[in-house]
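Welcome, and please get your viewer ready. We will go from stop to stop, with something to select at each one.

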2 protein chains.
Amino acid sequence: MARARKAKKPDPLKLTLAALESNDLARVRAVLAELHPADIAALLEGLPPESRVAVWRQVDTEKMGEVLLELPETVRTDLLAQLDDQTVIAAVRSLDTDDIADLIPDLSDDLISEILFALDKQDRQRLDTALSFAEDTAGGLMNLDAVTVRENITIEVVLRYLRRRGELPEHTNSLFVVDRTDRLLGVLSLSKVLTTDPGQRVSQIMYRDIIKFVATTPDKEVAAAFERYNLLSAPVVDENNRLLGRITVDDVVDVIREEADREILSLAGLRAEEDLFATVRQTVRNRWTWIAINLVTAFIASRVIGLFEGTIERLVALASLMPIVAGVGGNTGNQTITMIVRALALGRISETNARALFAKEIGVSLMNGVVWGGLLGVIAYLLYRSVPLALVMTAAMILNLMLAAVAGVAIPLVRHRLGRDPAQGSSVMITAITDSGGFFIFLGLATLVLM
Amino acid sequence: MARARKAKKPDPLKLTLAALESNDLARVRAVLAELHPADIAALLEGLPPESRVAVWRQVDTEKMGEVLLELPETVRTDLLAQLDDQTVIAAVRSLDTDDIADLIPDLSDDLISEILFALDKQDRQRLDTALSFAEDTAGGLMNLDAVTVRENITIEVVLRYLRRRGELPEHTNSLFVVDRTDRLLGVLSLSKVLTTDPGQRVSQIMYRDIIKFVATTPDKEVAAAFERYNLLSAPVVDENNRLLGRITVDDVVDVIREEADREILSLAGLRAEEDLFATVRQTVRNRWTWIAINLVTAFIASRVIGLFEGTIERLVALASLMPIVAGVGGNTGNQTITMIVRALALGRISETNARALFAKEIGVSLMNGVVWGGLLGVIAYLLYRSVPLALVMTAAMILNLMLAAVAGVAIPLVRHRLGRDPAQGSSVMITAITDSGGFFIFLGLATLVLM
């Protein structure tokens with residue numbers, strides 16, 4: 001791993017833009033040469049599209065592969081399109097096979113076969129293995145460079161073997177103990193190798209009770225296990241317990257980050273990580289689904305009000321007060337739904353405790369309804385000097401907050417049980433319910449009581 | 001580290017609840033004995049408060065310390081209150097000093113002095129060091145058990161030293177090279193120790209160009225660097241480059257998770273991670289601030305409508321249509337603000353590209369406004385057969401979506417520049433602006449054009 005200095009100031013983004021403006025490409029190259037590939041990726045992401053391509057052209061071919069790996073997919077595809085085939089092949093060849101596998105989906109078929117042709121047999125086999133697992137599984141996440149030893153040799157022999165072997169793969173903190181047919185028997189940490197008597201046998205000191213993942217395990221589960229058990233690395237096996245590779249925590253960190261990002265974005269009804277400088281057209285495409293759904297729900301809310309136009313015509317104060325009922329309901333509903341989505345993501349909700357959750361949220365909404373609904377009733381009275389109107393206001397607030405609580409718990413739970421993403425657009429849905437519901441409750445009560 | 005088996009099925013939560021119901025505490029203990037402390041913590045979190053205390057009483061004292069570390073603060077405080085002083089001291093003593101430091105804020109002064117008294121001198125000094133840094137800094141995050149070597153010795157000597165020393169601290173993948181006065185000179189990975197010629201000197205093979213953190217560095221920055229540079233561990237130094245400790249990636253994973261959680265929660269206007277089974281009173285306290293703010297903003301929106309009651313009285317259709325303008329504006333504004341908050345959190349926005357962002361978001365909103373506003377204009381016409389009303393609808397949609405875009409970019413950027421959390425309650429704020437703004441634009445245009 002290139003050990004980068006933290007290039008903090010002067011800001012490379014500013015330096016690069018200044019160099020670009022004076023058309024000094026040599027200076028751009030000089031700035032880039034000082035940066036870690038991950039920093040170059042961040043720099044490229046922060047640039048508007050025109051400058052981005054100009055800077056990308058100045059990146060060293062050797063670093064290009066690493067930079068591409070660090071970029072979000074949208075940006076990566078754009079920048080790959082800027083390269084001729086020979087440059088892509090040169091850039092990709094400098095990478096580990098499992099990293100090449102991550103880039104493959106973005107490449108054309110012609111390019112893929114050229115790359116396969118350029119690899120030696122072992123690497124080609126490894127690439128085949130890496131490509132045979134879905135990206136979002138343990139198999140897709142693993143590195144193929146696990147170092148293995150046999151259980152019946154002594155630590156002395158392990159030490160000699162490692163010294164003869166030379167440099168270990170990046171982030172190696174353990175050796176994997178396998179039998180003749182590659183079945184995983186245990187794990188031997190490097191620190192154990194260094195601190196035990198060289199006369200001991202591997203079988204005497206290896207961990208047997210290890211956390212391992214079958215290659216088809218979803219990456220979310222892998223990430224949860226790494227987080228919960230504080231793992232640095234873990235072996236990946238096939239269904240016959242044969243060692244396939246190892247997962248290291250740095251890749252898991254990316255999964256955790258992506259999961260959290262996805263949750264935040266989908267709560268707001270965004271489809272995917274968006275390139276900050278995506279074109280207007282791309283952005284509209286990313287966001288349109290939930291806006292369209294929102295339009296339908298808003299239309300329904302509007303029709304609910306339409307039902308009561310006669311009532312509003314006779315007491316126009318209702319038109320002013322109704323958005324308060326709907327708005328506060330939407331806000332508290334969003335709080336509830338966020339809590340539940342989080343708890344589901346962290347695996348904290350099961351059938352056994354769902355009922356207790358409903359009870360709690362309804363309790364909270366009752367308390368909020370009485371306090372805030374009461375306050376709003378007083379305000380409504382002060383504005384319009386009508387006790388019945390004030391009472392309608394308070395009652396509608398209590399009922400709508402309870403509706404928000406029930407829907408806020410139920411929507412994500414039901415989606416979860418149906419195997420859907422509980423976060424996806426839940427904000428739009430809860431708002432739809434508290435809007436239409438709020439208008440209906442408030443105007444309905446007003447029609448009953450005041451007309 | 002205890003290497004836990006993934007206890008997947010049968011579900012320990014169900015087993016425990018069943019055992020509790022039949023009052024079979026021995027079986028509860030048997031279930032707990034099989035579990036990793038992190039799994040016990042997850043189990044406790046998933047239990048309603050009464051059962052939680054009953055199960056907590058059955059946890060082995062030796063595991064209690066580890067379990068407490070894994071619990072969110074709200075639950076931890078409750079469970080600590082269940083223990084008598086002697087049990088707390090016993091539970092805490094089994095932990096590393098830096099872990100004890102994490103628990104200290106939750107303990108009474110009496111207990112803290114008893115614990116200090118129970119520690120030996122070296123551990124007491126370490127605890128002092130650990131406590132002297134804020135929790136959310138590199139110093140608060142570090143372990144104090146870095147293994148150090150001198151630069152002028154040979155690998156042969158390092159090997160002998162390590163073997164004599166015996167077991168290395170958990171998650172040790174590197175040794176730190178320091179001079180006589182503990183100044184950090186470089187890092188020597190265990191894999192390097194194992195694979196180079198024992199005759200070489202440490203100074204010849206150590207990494208000098210290392211990423212290190214001054215103890216006062218905010219934990220967010222540490223996490224970002226770990227993520228960006230794929231680190232497994234990194235040294236922490238004081239302002240004179242003297243080695244204080246090391247940060248390992250497993251603790252950084254927790255920071256990344258907490259940051260992401262905080263962002264999700266604060267977007268919804270929630271103060272902190274909430275115990276799923278917090279009492280109604282605790283929950284109301286966690287959520288009330290933003291509800292109160294929302295009440296004020298909803299009241300303002302209501303008063304904006306109040307200004308136009310005369311207009312609504314003459315054309316009650318406006319009351320039905322106005323929530324569409326406000327609602328769709330709120331939804332798109334929320335999408336924009338989520339994007340910007342994310343980009344700020346990932347450090348992708350700077351002064352140099354803020355202007356381009358505004359331009360893009362306004363472009364998107366214009367396009368959405370024309371498309372969806374046009375569609376809504378048609379629908380309004382079909383419902384109410386009035387061309388002027390349809391035009392007002394379309395124009396109001398376009399203007400409110402542009403307002404949503406500008407506010408969606410500006411609110412988080414301004415909060416960021418003021419050094420505030422850009423996520424905090426931004427959903428409530430953007431909705432406030434698109435509601436009041438939407439009502440004002442729509443009803444104002446209607447008054448001008450239709451009256």
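**Before you click.** This is a predicted model, in which local features need pLDDT of at least 70, side-chain atom pairs count only at pLDDT 80 or more, and totals for chains, interfaces and linings use all residues. Residues are numbered from 1 along each chain as its sequence is written, while chains are lettered from A and ligands numbered from 1 in the order in which they are written.

**Stop 1: both chains.** Colour chain A and chain B separately. The same surface serves both of them, since 100% of the contact residues of chain B recur in chain A; contact here requires C-beta atoms, placed from the backbone, within 7 Å.

**Stop 2: the interface.** Now select the side of chain B that touches chain A. Here 102 residues of chain B are in contact with 102 residues of chain A. Helix α19(B) gives the largest share of the chain B side, 15 residues. (Helices are DSSP runs of H or I, at least four residues, numbered from the N terminus.) By class, this side has 52 nonpolar, 27 polar and 23 charged residues. Ala, Val, Leu, Ile, Met, Phe, Trp, Tyr, Cys and Pro count as nonpolar, Asp, Glu, Lys and Arg as charged, and the others, Gly among them, as polar.

**Stop 3: domains of chain A.** Select residues 12-133 for domain 1, 148-250 for domain 2 and 280-450 for domain 3; the bounds come from an automatic or database domain assignment. The centres of domain 1 and domain 3 of chain A, taken over C-alpha atoms, are 47 Å apart.

**Stop 4: α19(B) and α21(B).** Select residues 317-345 and 387-417 of chain B. These helices, α19 and α21, pack at an angle of about 30° with their axes 8 Å apart. (Axes are lines fitted to C-alpha atoms over the stretch in contact, and angles run from 0 to 180 degrees between N-to-C directions.) That makes α19(B) roughly parallel to α21(B); angles under 35 degrees count as roughly parallel, over 145 as roughly antiparallel, 65 to 115 as roughly perpendicular and the rest as oblique. Their contact has 21 nonpolar, 7 polar and no charged residues.

**Stop 5: α21(A) and α22(A).** In chain A, select residues 387-417 and 426-450. Helices α21 and α22 of chain A pack at about 150°, with axes 9 Å apart, and are therefore roughly antiparallel. Their contact has 20 nonpolar, 6 polar and no charged residues.

**Stop 6: α3(B) and α5(B).** Which residues of α3(B) meet α5(B)? Show P37(B), A38(B), I40(B) and A41(B), which meet K63(B), E66(B), V67(B) and E70(B) in α5(B). By class, that contact has 5 nonpolar, no polar and 3 charged residues.

Definitions and conventions
Contact = placed C-beta atoms within 7 Å. Helix = DSSP H or I, 4+ residues; strand = E, 2+ residues; numbered from the N terminus.
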